[in-house]
Amino acid sequence: MIGVMLTDRIIRAVAVLRAGGHHVEEVRGTANVYRVDGRDPVTGPVVLALAIRLGLMDGSRDG
C-alpha cells in the first residue's frame, strides 16, 4: 500500500511540476527516473521532494 501511495504521489508531482511550467520527462529505458528542466536524471522520490520544496504539493501523506 505504501508503494502505491508513493507512486501516486510521484505521478501527481510530475503533473504539478509540468503545470507549473517545468519540463519533466521520463528517462527512456529506466523505471521511475526523470529529467526535470534538462538537468541530471533523478528518481521519482526526488521529483516528489522537488515539488514539495517548490510549494507545489503538500508534504503530508494525504496531500
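Hi everyone, let me start with contacts, meaning heavy atoms within 4.5 Å: in this chain, residues 24 or more positions apart account for 43% of the contacts with a separation of 6 or more. Before going on, please keep in mind that this is a predicted model, where local features need pLDDT of at least 70 and side-chain atom pairs count only at pLDDT 80 or more, while totals for chains, interfaces and linings use all residues. Residues are numbered from 1 along each chain as its sequence is written, and side-chain values use heavy atoms, with hydrogens and water left out.

Now the layout. The chain has two helices and three strands, taken as DSSP runs numbered from the N terminus (helices H or I, at least four residues; strands E, at least two). Reading from the N terminus, the order is α-β-β-β-α.

How are the strands arranged in the sheet? They form an open sheet in the order β1-β2-β3, with antiparallel pairing; two strands count as paired if DSSP finds at least two bridges between them. β1 (24-26) and β3 (42-43) are at the edges with a single partner strand each, so one side of each has no neighbour in the sheet.

Take β1 and β2: three bridges join them. Glu25 has Arg35 of β2 as its bridge partner, and Glu26 sits opposite Tyr34. Six residues lie between these two strands in their hairpin, and Gly29 in the turn has a positive phi of about 80°.

Moving on, β2 and β3 are antiparallel over two bridges, with Val33 partnered by Thr43 in β3. Their hairpin has five residues between the strands, and here Asp37 takes a positive phi near 55°.

Next, the interior. Of the 63 residues, 27% count as buried, that is, under 20% relative accessible area with a 1.4 Å probe, protein chains only.

Finally, overall dimensions. The C-alpha trace spans about 30 × 25 × 15 Å along its principal axes. The radius of gyration, taken over C-alpha atoms, is 11 Å, which agrees with the value near 11 Å for a compact globule of 63 residues; that rule is 2.2 Å times the number of residues to the power 0.38.

Notes
Buried < 20%, exposed > 50% of the residue type's maximum accessible area, 1.4 Å probe, protein only.
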